[in-house]
Amino acid sequence: MQDRKPGSFTGSRRQFIRTGIGVAGGLALPAGFVSEAVAAEPQHPPIGTWPAGVSGSSVFIGISVPRTGTYAVQGEDELKGYQLAIEHINAGHPLIKQISPKTTKGVLGKELKYGVADSAAKPNDAVQAQQRFITENKAIMITGGTSSAVAVALNKLAQREKVLFVCGISGSNDTTGKDCVRYGVRQNFYGETAANAIGPALLKAYGKNKKAAFMTPDYTYGHTVTKSVNEFLTKNGGWTMVTNQVSPLGAPDFSSYLTNIANSGAEFLINVNWGHDAVLSCQQAKQFGLLPKMKLVIPYQIPFLAREVGPEITEGVYAATDFWWTMEDKYPLAKMFVEEFDKKFGYKPEWGAENAYMEFALWAEAVEHAGSFYPPDVIKSYESPRKLNSFVGEVQWRPQDHQLIRPVIIVKGKAPKDMKNKEDYWEVVEVVPGAGLMQKPDAFGCKLGDYT
Amino acid sequence: MITWSNFLSQLFNGLAQGALLALISSGLTIIYGTLGVLNLAHGAMFMIGGYAGYVAFQYTGSFVLAVLAGTLFMLVVGVVMERVIIRHFYSRPGEDQLLVTFGLSIVFVEIVRFFFSSQSKTVAAPAALSGITNLGVMFYPTYRLAVVGIVAVALLALFIVLYRTRLGMIVRAGIEDSVMVDSLGIDVYRVFMVVFGIGAMAAGFAGIVNAPVVSLSPDMGEAILVQTFVVVVIGGVGSFPGAVVGGLIAGEIISLTSMVNPGYAYVMLFAAMVLVLLVRPRGLFGAKGRE
């Protein structure tokens with residue numbers, strides 16, 4: 001029995017009603033005011049929620065993150081990143097201005113409002129919620145993720161509805177590969193870049209010709225990450241995949257998979273599982289004595305993993321990630337972000353929040369650069385090559401598949417005795433530049449589709 | 001990966017997995033068999049048992065007290081639930097019962113999430129039972145071995161209550177025909193309360209016994225609930241031996257299928273359920289004509 005819950009809104013109900021009234025009020029304004037408000041926008045036939053969604057003094061963003069289910073912890077973290085970004089954009093915070101220099105307050109002077117729905121990491125739930133935000137709230141941009149199955153579904157919705165989808169956490173090669181769309185963009189690292197970044201680190205640390213067991217969640221994210229990592233290690237290091245344990249999202253127990261791995265003769269356990277599945281499979285691997293006998297590898301980092309399983313399990317473990325907070329030592333924007341986030345929420349942000357914040361900051365930059373919310377103009381703004389600031393140094397959008405060219409961070413788990421404070425779980429081993437990690441733009445079959 | 005040692009390992013693992021499923025399913029099947037209420041909150045009750053035990057464990061550090069706390073807390077919750085809500089639904093249509101128990105499960109899950117967040121919690125196994133045991137063909141977590149024993153004892157206790165006591169006789173009679181039991185002058189509603197309490201207690205007990213094996217999360221009951229339904233269908237609705245045998249069969253199906261193709265382990269469970277429904281709709285141990 002799958003439980004399905006209606007969307008919930010953050011903030012108070014009253015706040016939501018106010019938002020609704022605000023949007024409705026904007027629509028009901030006298031014709032003269034409306035045409036004046038739209039005057040800044042170029043003259044085009046209506047498309048998607050444009051110009052209806054930008055006719056008031058605010059614009060609406062639809063956010064769907066998992067707040068229940070296997071990925072709930074990561075979804076909440078992601079949501080906090082969005083909230084901080086919206087707060088900063090609306091206030092014209094110095095951090096946002098570092099990334100989007102033209103920002104004053106809001107985006108093109110319009111305040112950002114938002115609604116939040118629980119996707120439970122299920123594509124159906126996410127699509128229904130976003131459809132509602134598009135129809136009822138005239139959302140000008142939709143976002144959310146923490147499951148590539150959701151990201152791919154929202155890609156399709158965005159292209160159909162002609163509303164920009166700024167993708168949340170999604171690790172599948174398909175999101176900007178075979179399932180890419182003109183109306184979707186992705187900031188974070190993914191299977192192929194993770195594999196090409198962590199692969200050399202593994203070969204350097206452990207050498208060639210090793211035997212590895214994979215644990216793979218049974219959907220687009222799991223399959224593409226496992227494929228990319230295995231291909232790298234096989235081709236470049238002569239490693240062998242001795243078993244691949246594919247399991248459903250939210251499996252209640254991993255004992256039978258671990259039993260197979262115990263009997264496989266593997267020396268490495270490459271765990272692609274994510275969210276609570278990763279927590280449970282790592283803990284049970286320890287119970288079965290597979291860890292630390294086998295070396296654990298996390299090719300696609302899971303926010304909060306170390307906090308949940310403890311440093312005894314993550315000690316010495318290599319992982320590829322989007323961001324780790326100790327990068328603040330070398331990257332000034334990262335430092336600002338970590339301080340602001342910690343001040344508001346009381347803990348160091350993980351990469352889910354970092355990704356969420358960066359997505360919104362880069363979206364604000366793209367809209368300000370376009371000078372309009374008109375979707376084809378915003379998309380063309382994303383596609384026009386220019387250097388951008390980020391928490392991890394200079395980055396750039398790739399116009400052919402709407403993937404950000406950004407570094408992948410290789411981290412290694414610290415031993416409990418080496419931790420300088422209770423959140424000092426990982427040591428940044430290497431910041432691998434992004435350009436060399438990516439496949440050719442058309443290698444995964446990306447065809448972006450139409451602007452209108 | 002079919003090798004002799006892996007086969008033996010999986011055979012044993014299936015037994016261990018199945019034992020726990022049997023325990024949870026027995027609570028579900030007793031409630032459904034006696035009260036006619038399909039309790040969709042059973043998975044959430046399993047989860048609450050784990051969290052209640054976790055709280056006790058945090059305060060006392062004693063696993064035995066944690067097990068007692070998880071079990072007794074769920075007994076109390078079960079009795080209160082029955083008195084306040086469930087009993088008003090005995091004569092209502094089945095859909096109403098599904099909706100109210102489904103609603104309760106959402107409430108339970110969100111209450112736990114509110115107090116404990118979605119981040120997982122762990123309960124350590126008692127020191128004597130932690131570590132790994134060499135079974136010859138494989139190393140197996142000692143606590144999981146102990147769970148097989150603990151569950152066997154718990155199921156035996158349930159068996160004695162159901163088959164060797166007057167209460168058990170009434171309950172079993174109630175499963176067959178509650179109207180007749182009522183007309184014999186037995187306060188069947190009182191029995192219902194006790195039965196619901198016992199079912200809830202079994203779920204709570206399973207929840208805390210299972211806690212050291214998994215990490216607790218508010219959503220953990222959802223996947224378990226689906227599996228226990230499959231177990232009950234395979235074993236036969238309302239049948240206690242059916243729940244036990246069904247649980248063991250389910251555990252073996254998951255384990256042995258994973259050896260051939262891990263991707264199909266859980267799918268095969270449903271395939272088995274479909275097969276049973278086609279060939280023997282009342283389940284392996286279900287009596288003919290029973291709802």
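Leaving aside its neighbours within four places in sequence, with which residues is Phe165(A) in contact? In this predicted model, the partners of Phe165(A) are Ile142(A), Thr143(A), Gly144(A), Ala151(A), Leu154(A), Asn155(A), Ala158(A), Tyr183(A), Gly184(A) and Val185(A). The model as a whole scores ipTM 0.88 and pTM 0.88, and chain B has a mean pLDDT of 91, with 99% of its residues reaching 70 or more. Where pLDDT is low, the predicted coordinates should not be read in detail.

- Phe165(A) belongs to strand S4 of chain A, which covers residues 164–167.
- Phe165(A) counts as buried because its relative accessible area is 0%, against a cut-off of under 20%.
- Although Ile142(A) and Phe165(A) are separated by 23 residues in sequence, their C-alpha atoms are 4.9 Å apart in space.

**Nonpolar cores**

- The largest nonpolar core holds 219 residues, and the members that touch the most others are Phe323(A), Tyr357(A), Trp363(A) and Phe391(A).
- Beyond its neighbours within four places in sequence, Phe323(A) is in contact with Ala334(A), Phe337(A), Val338(A), Pro349(A), Trp351(A), Glu354(A), Phe391(A), Val392(A) and Ile409(A).
- A second, separate core has five residues, among them Leu40(B), Leu225(B), Phe229(B) and Val232(B).

**Helix packing in chain A**

- Helix H7 (residues 191–206) of chain A packs against helix H8 (residues 220–237) of chain A at an angle of about 35°, their axes lying 8 Å apart, and the crossing of H7(A) with H8(A) is right-handed.
- On the side of H7(A), the contact is made by Gly191(A), Glu192(A), Ala195(A), Asn196(A), Gly199(A), Pro200(A), Leu202(A) and Leu203(A), while H8(A) contributes Val225(A), Ser228(A), Val229(A), Phe232(A), Leu233(A), Asn236(A) and Gly237(A).
- Sorted by class, the residues of this contact between H7(A) and H8(A) are eight nonpolar, six polar and one charged.

**Helix packing in chain B**

- Helix H3 (residues 63–84) of chain B and helix H7 (residues 188–210) of chain B pack at an angle of about 145° with their axes 7 Å apart, and H3(B) and H7(B) cross in a right-handed sense.
- The residues that H3(B) brings to the contact include Phe63(B), Gly70(B), Met74(B), Gly78(B), Glu82(B) and Arg83(B), and those from H7(B) include Tyr189(B), Phe192(B), Phe196(B), Gly197(B), Gly204(B) and Phe205(B).
- By class, the contact of H3(B) with H7(B) comprises 16 nonpolar, five polar and two charged residues.

Technical notes. Residues are numbered from 1 along each chain as its sequence is written. Chains are lettered from A and ligands numbered from 1 in the order in which they are written. This is a predicted model: local features need pLDDT of at least 70, side-chain atom pairs count only at pLDDT 80 or more; totals for chains, interfaces and linings use all residues. Side-chain values use heavy atoms; hydrogens and water are left out. pLDDT is the predictor's confidence in each residue, from 0 to 100. A nonpolar core is a set of buried Ala, Val, Leu, Ile, Met, Phe, Trp, Tyr and Cys residues joined through side-chain atoms within 4.5 Å. Buried means under 20% relative accessible area, exposed over 50%, partly exposed in between (1.4 Å probe, protein chains only). Contact means heavy atoms within 4.5 Å. Axes are lines fitted to C-alpha atoms, for helices over the stretch in contact, and angles run from 0 to 180 degrees between N-to-C directions. Helices (H or I, at least four residues) and strands (E, at least two) are DSSP runs, numbered from the N terminus. A crossing is left-handed if the near helix is turned anticlockwise from the far one by less than a right angle, and right-handed if clockwise. Ala, Val, Leu, Ile, Met, Phe, Trp, Tyr, Cys and Pro count as nonpolar, Asp, Glu, Lys and Arg as charged, and the others, Gly among them, as polar.
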